[in-house]
Amino acid sequence: MPASPSTARAINDRLALRLLQQEGPLTAGQLKQLTGLSRPTVSDLVERLTVSGLIRVVGESGEQRRGPNARLYGIAADRAHLAALDVRTGGVLVLVSDLVGRVLAEVAVPIDAGSGTGPAVGQAVAAVEEAARKAGPDAWAGLHTVGIGAPGLVDPATGDLRDSSGLPAWHRSLVAALQRRLPTARVTVENETNLAALAEQREGAARDRDTFVLLWLGHGVGAAVVLDGRLRRGASGGTGEIGFLPVPGTGSLPSATDCDGGFHALAGAAAIGALAREHGLPAEVPLDGPGAARLVARAVAAGNEAATRFLDTLADRLAIGTAAVTAVLDPGCVVLGGEIGQAGGEPLAARVAARLKRLSPLPTEVRPGILGGTAVLRGALLTARDRAQDELFAP
């Protein structure tokens with residue numbers, strides 16, 4: 001059945017807004033050409049969107065003639081502000097952007113694990129407020145959507161961060177605290193590795209893939225699964241908890257509350273530091289994700305015999321976990337993400353690919369991540385932007 005006039009107008013408006021989001025400012029003539037709509041229809045939708053406050057004139061095109069067709073229309077970026085958080089065990093990173101995702105302010109705050117849930121949550125909320133204040137006088141009051149990336153499991157039914165052993169209790173209290181301070185904002189939380197995969201697919205190493213696995217290599221290890229363009233979370237939100245994967249070479253087995261006997265024991269930051277010391281490479285103690293990434297980057301740059309043996313052994317370990325994932329999912333592409341995957345670059349990815357080819361009959365491309373440790377924050381911002389635009393651009 002043909003669409004009603006109101007439905008057709010809504011469809012046309014959404015189409016024009018998406019084009020302005022993807023292409024940037026456009027003239028009415030360019031909107032006509034890209035949408036295939038008639039000139040009167042484009043004029044009507046431009047007027048409608050301007051009156052609604054979603055778009056505005058942002059300049060003029062290079063055309064010599066004057067008139068409405070020479071005006072450049074763009075999304076009203078200050079219509080709403082967004083916040084993105086990367087919540088880690090030792091602190092929080094915050095950025096605030098406008099509606100089109102242009103970053104306006106960033107704040108990083110360390111949080112002592114022994115400070116207690118209340119004070120820790122207070123510090124995190126204060127960091128969001130500080131970033132918003134830096135972004136502009138109206139940003140704090142005008143925060144429309146807050147996207148949070150955190151380690152641990154997110155319940156797919158409720159959207160809440162589940163109780164996970166080894167993670168700070170303040171993580172689970174942060175969403176409710178932010179919602180109380182920002183009662184009109186939309187606050188959502190997602191697993192950090194899932195957000196990293198979203199960012200690598202939209203802006204990084206997997207832009208040409210609708211099916212792939214991101215292997216997160218940082219302080220700990222994790223995986224995110226994207227199949228046919230959709231992020232897969234699993235029945236309990238635990239898809240990708242690869243740190244618990246039983247693998248040979250760890251000397252023990254993982255338990256429901258401890259992943260030390262699983263793949264984490266081979267590929268986590270502490271394990272990489274121990275491996276480096278075994279090969280005579282200096283490694284700080286204790287070693288976190290960024291520290292392990294610096295170690296791997298130095299080994300790639302050195303290229304000497306000890307560094308080569310270290311990278312070869314690390315690739316052996318990563319290939320074990322990767323082979324298990326590919327045997328079950330056959331993703332065709334694995335992205336080595338996180339700080340360590342980015343630091344290893346193509347030299348580490350090529351080593352893992354060569355070993356995986358010997359272990360698995362399934363053809364699998366291995367790529368280094370591009371976004372590294374920033375992927376979680378970028379993914380949180382992309383998620384917040386999508387949600388805000390979906391609501392504001394709705395009929």
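This is a predicted model: local features need pLDDT of at least 70, side-chain atom pairs count only at pLDDT 80 or more; totals for chains, interfaces and linings use all residues.
A residue counts as buried when its relative accessible area is under 20%, and because Cys-333 has a relative accessible area of 0%, Cys-333 is buried by that rule.

**Cysteines**

- The structure holds 0 disulfides, a disulfide being a covalent bond between the sulfur atoms of two cysteines.
- Cys-259 has a relative accessible area of 18% and is therefore buried, since that value is under 20%.

**Helices H9 and H10**

- The axes of helix H9, which covers residues 289-302, and helix H10, which covers residues 305-329, come within 8 Å and cross at roughly 125°, so that H9 is oblique to H10.
- The crossing of these two helices, H9 and H10, is left-handed.
- On the H9 side, the contact is made by Leu-295, Val-296, Ala-299, Val-300 and Ala-302, which meet Ala-307, Phe-310, Leu-311 and Leu-314 in H10; by class, the residues of this contact are 9 nonpolar, with no polar and no charged ones.

**Helices H1 and H3**

- Helix H1 (residues 5-23) and helix H3 (residues 39-51) have axes that come within 10 Å and cross at roughly 75°, which means that H1 is roughly perpendicular to H3.
- From H1, the residues Arg-9, Asn-12, Asp-13, Ala-16 and Leu-17 meet Thr-41, Leu-45, Arg-48 and Leu-49 of H3, and this contact of H1 with H3 divides into 4 nonpolar, 2 polar and 3 charged residues.

- Ala-196 is found in helix H6, which spans residues 192-203, and it counts as buried because its relative accessibility is 0%.
- Leaving aside residues up to four places away in sequence, Ala-196 touches Leu-214, Trp-216, Ala-375 and Val-376.
- Between Ala-196 and Arg-351 there are 155 residues of separation in sequence, and in space the two are 23 Å apart from C-alpha to C-alpha.
- Val-187 lies in strand S7, which spans residues 186-191, and because its relative accessible area is 12%, Val-187 is buried.
- The residues that Val-187 touches, again not counting those up to four places away in sequence, are Val-146, Ile-148, Val-175, Leu-178, Gln-179 and Arg-387.
- Val-187 and Gly-321 are 134 residues apart in sequence, and their C-alpha atoms are 34 Å apart in space.

**Backbone geometry in loops**

- Val-285 and Pro-286 are joined by a cis peptide bond with an omega of about -10°, and Pro-286 is found in the loop between helix H8 (269-278) and H9.
- Asp-228 is not a glycine, although it has a positive phi of about 55°; this residue is found in the loop between strand S9 (221-227) and strand S10 (230-232).
- With a relative accessibility of 60%, Asp-228 counts as exposed, because the value is over 50%.
- Asp-330, another residue other than glycine, has a positive phi near 45°, and its place is in the loop between H10 and strand S11 (333-337).
- The relative accessible area of Asp-330 is 42%, and Asp-330 is therefore partly exposed.

Conventions. Residues are numbered from 1 along each chain as its sequence is written. Side-chain values use heavy atoms; hydrogens and water are left out. A disulfide is a pair of cysteine sulfur atoms within 2.5 Å. Buried means under 20% relative accessible area, exposed over 50%, partly exposed in between (1.4 Å probe, protein chains only). Axes are lines fitted to C-alpha atoms, for helices over the stretch in contact, and angles run from 0 to 180 degrees between N-to-C directions. Helices (H or I, at least four residues) and strands (E, at least two) are DSSP runs, numbered from the N terminus. Angles under 35 degrees count as roughly parallel, over 145 as roughly antiparallel, 65 to 115 as roughly perpendicular and the rest as oblique. A crossing is left-handed if the near helix is turned anticlockwise from the far one by less than a right angle, and right-handed if clockwise. Contact means heavy atoms within 4.5 Å. Ala, Val, Leu, Ile, Met, Phe, Trp, Tyr, Cys and Pro count as nonpolar, Asp, Glu, Lys and Arg as charged, and the others, Gly among them, as polar.
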